[in-house]
Amino acid sequence: MGIKGLQGFVARVCPDACRMVDLKEMAEKHRIDHPDVLPVIVVDAMSCVRHWYTPESWVCGGQWREYLTVLEDFIDTFKAAGIELVFFFDGVVEEKKRDEWIKRRQQNNKEIADLFQFIKTHRKQPGRGMFVLPSALPTFTRFALKSLGQKTVCTLQEADFEVAAYALEHNCMGILGQDSDYLIYNTSPYFSIEKLCLDRLVTVMYSREDVCRALGLSMKHLPLFACLLGNDVVPENLLEGFWRKCLVTCPSRNRNYSRRISIILAVANYISKMPCSYSSLKHLEDILPLGSDKTLLHRGMESYLLPGQQSPWIPPDARNSKIFSDQEESAMCRDMEIFQLAKEHHIQSENHVIFNILSNGVVECSNSLEDDCDTEIPGQSLIYRPARQHIYSVLLESEKDGTCPLVKEWVVYCGNPLQQPELIQPIQPSIPGGTPNLKTLWFAKGPDVEKQRYSTFLACFHLQDAMEELQALEAPVAAFCCLVTYLMLQLLQVDPRAVHLGAVLVRGLTTLLMANSACGFPFSMDDLMPWKVFDGKLFQEKYQKSHRSCSMEELLEGNESLYTPFQNLKSLICKVCALKKRTIQSRPRGNGFIAGTHQREPNPRFQQTHRSSFVSPYHNQMRGNFGRNPQPQGRRYRSGHPDQRRRFHVPPW
């Protein structure tokens with residue numbers, strides 16, 4: 001996650017370290033120097049998703065087909081230059097970085113609250129300065145890139161380490177991202193996604209050697225330098241006293257420098273005078289207020305040492321080489337055949353969350369675009385928890401001597417302080433004859449097993465009674481129908497705001513991914529992607545019309561071929577809900593229901609039993625084009641920002 005202020009320091013104080021480079025020329029040079037291999041750039045995808053998402057509308061759940069076009073354009077541009085891309089995604093949150101993860105989630109909550117307040121006040125989507133990633137964007141980006149034929153890796157530890165290690169091992173042309181940790185690793189050149197001009201394939205390359213010259217350090221000093229500035233392992237609050245001492249012995253010579261820049265220079269000066277030895281590191285650990293964990297500095301430095309690298313500060317016999325050696329020993333899953341397959345699928349981005357559950361029983365879910373002031377809609381994490389409990393049971397029921405271990409959930413929702421994980425009890429889904437074991441679901445073949453996979457998947461969402469009707473639908477439509485029906489069973493009344501509900505729907509697709517992975521893939525993962533069934537801008541438009549009580553004919557834009565499929569899907573959802581004794585209540589709110597929260601109370605005269613205003617996924621599937629006048633912006637991509645003069649005004653809701 002980087003070193004606070006280091007990237008800005010390099011740009012201001014070390015301009016010689018920021019070199020504008022032509023990636024096509026570098027690729028040609030790489031081919032000459034290494035004629036047997038293609039030039040490869042390793043992409044830190046988590047650093048890039050914010051810059052990749054350039055479709056006009058982002059607040060209503062995402063314009064997924066337009067986003068897919070942007071990604072395709074990005075890939076094609078590099079391919080035309082003869083450059084191969086390998087994409088890495090964070091696959092875990094390491095416990096040593098849990099506090100930082102929590103801090104960022106809480107900061108995201110504040111940003112999302114500000115976003116909703118802006119929308120309520122101004123009735124439009126804010127400018128790019130308030131941009132928040134559409135819910136689950138990194139998850140679906142991973143599957144999108146894989147569907148576009150790209151090598152996509154989901155990591156077993158923090159992504160920046162695996163990115164740097166892969167680039168070093170494979171002698172790659174460089175790393176593309178935006179994380180100051182890449183200034184610290186001794187690996188391939190580091191290119192900026194933020195400064196990338198895609199049309200010309202030029203960007204800034206940060207030179208570690210020039211940074212070292214400006215600081216009076218050498219490459220071997222950089223891991224200690226990063227730790228003494230504070231990073232994801234060594235918290236900044238433990239270093240304040242040390243920084244004050246450094247500033248006294250090396251005061252800033254430039255009054256225009258910020259305190260952070262002065263600290264960076266003073267810490268570099270301190271390190272430059274230290275002997276490079278293990279005893280020097282031990283001395284530092286003694287004088288720093290590290291509390292009970294005196295190995296914090298040691299572990300922080302070691303996190304920057306890539307395979308095969310040594311440090312004069314850490315003797316070889318003091319290194320912790322057991323990166324994954326105890327992973328299998330502590331795994332929730334004791335069946336090594338299942339465990340290894342889950343691990344393989346995880347690394348290859350072919351499942352979702354399953355390995356995290358089977359290995360350490362931990363599940364994370366980051367922020368979604370949810371309005372904490374709207375108490376009528378539960379947080380998506382709570383809405384889908386019953387489904388997750390069934391999925392946990394499918395995965396873990398037969399483990400630990402027949403008992404089902406608890407799963408630790410770190411999930412963001414209103415009222416959860418994230419001080420500790422919630423311990424969630426798996427609950428067995430209602431399946432005649434019991435839940436099939438994973439060996440059957442994952443390895444067995446034949447029509448009976450395929451039926452078991454499908455029925456187990458449906459049971460996770462309490463929909464096994466509708467199996468025959470759902471199997472008759474096209475796969476993407478059936479999946480989205482499952483999701484909408486599940487929401488009807490979970491929400492007492494259907495009166496959501498479109499932004500919030502859009503986030504709930506998209507997050508629901510990730511729950512489908514998890515269930516599909518657990519049940520042996522009764523659906524193709526491609527059938528569960530948002531670009532097959534959902535578009536935020538179109539959803540916003542139809543949501544507005546439905547609340548204005550427009551006719552079915554108007555909703556479907558006069559396309560008579562959609563009338564029967566629409567009615568059939570609507571009837572199916574209502575039928576399942578009726579069987580579960582759930583009454584669907586629709587509350588049309590007219591045109592003027594955005595201003596603040598004072599209009600939350602329902603108007604009884606608008607309440608009508610068994611009338612649903614959901615937008616048919618069949619409509620999206622057959623329409624062939626998700627929004628009106630879609631405008632792919634791949635070739636306009638530059639520094640990740642669309643033309644900010646154009647603003648998309650969100651209709652009031």
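Predicted model: local features only at pLDDT ≥ 70, side-chain atom pairs only at ≥ 80, totals over all residues.

Colleague: How many helices and strands does the chain have?

Modeller: The chain has 27 helices and twelve strands, where helices (H or I, at least four residues) and strands (E, at least two) are DSSP runs numbered from the N terminus.

Colleague: And how much of it is buried?

Modeller: Of the 653 residues in the chain, 58% are buried, a term that stands for under 20% relative accessible area, with exposed meaning over 50% and partly exposed in between (1.4 Å probe, protein chains only). The chain exposes about 27,300 Å², and carbon and sulfur atoms supply 50% of that area, which is computed by the Shrake-Rupley method with a 1.4 Å probe, and for residues only the protein chains shown count as cover.

Colleague: What share of the contacts joins residues at least 24 apart?

Modeller: Counting contacts between residues at least 6 apart in sequence, 73% join residues at least 24 apart, and contact here means heavy atoms within 4.5 Å.

Colleague: Let's go to helix pairs, then: how do α4 and α6 cross?

Modeller: The axes of helix α4 (residues 64–80) and helix α6 (residues 137–147) come within 11 Å and cross at roughly 55 degrees; axes are lines fitted to C-alpha atoms, for helices over the stretch in contact, and angles run from 0 to 180 degrees between N-to-C directions. The two helices α4 and α6 are therefore oblique to each other, since angles under 35 degrees count as roughly parallel, over 145 as roughly antiparallel, 65 to 115 as roughly perpendicular and the rest as oblique.

Colleague: Which residues of α4 and α6 meet there?

Modeller: On the α4 side they are Trp-64, Tyr-67, Leu-68, Leu-71 and Ile-75, and these meet Leu-137, Phe-140, Thr-141, Ala-144 and Leu-145 in α6. By class, the residues of this contact of α4 with α6 are nine nonpolar, one polar and no charged, where Ala, Val, Leu, Ile, Met, Phe, Trp, Tyr, Cys and Pro count as nonpolar, Asp, Glu, Lys and Arg as charged, and the others, Gly among them, as polar.

Colleague: What about α17 and α22, are they roughly parallel or oblique?

Modeller: The axes of α17 and helix α22 (residues 498–518) come within 10 Å and cross at roughly 20 degrees, and α17 and α22 are therefore roughly parallel to each other. In that contact Ala-387, Arg-388, Ile-391, Tyr-392, Val-394 and Leu-395 of α17 meet Thr-511, Met-514, Ala-515 and Ala-518 of α22, and the residues divide into eight nonpolar, one polar and one charged.

Colleague: Which residues does α22 use against α21?

Modeller: Helix α21 (residues 475–490) and α22 have axes that come within 10 Å and cross at roughly 115 degrees. From α22 the contact takes Val-504, Leu-505, Gly-508, Leu-509 and Leu-512, and from α21 it takes Ala-479, Phe-480, Leu-483 and Leu-487.

Colleague: New topic: where is Leu-115?

Modeller: Leu-115 lies in helix α5 (residues 98–122), and at 0% relative accessibility Leu-115 counts as buried. The C-alpha atoms of Leu-115 and Met-130 are separated by 6.8 Å, although these residues are 15 residues apart along the chain.

Colleague: Last one, is Phe-521 buried or partly exposed?

Modeller: Phe-521 is partly exposed, with a relative accessible area of 29%, and Phe-521 sits in the loop between α22 and α23 (530–533). Phe-521 also has a positive phi of about 65 degrees although it is not a glycine.

How values were computed. Residues numbered from 1 in each chain as written. Heavy atoms only, no water.
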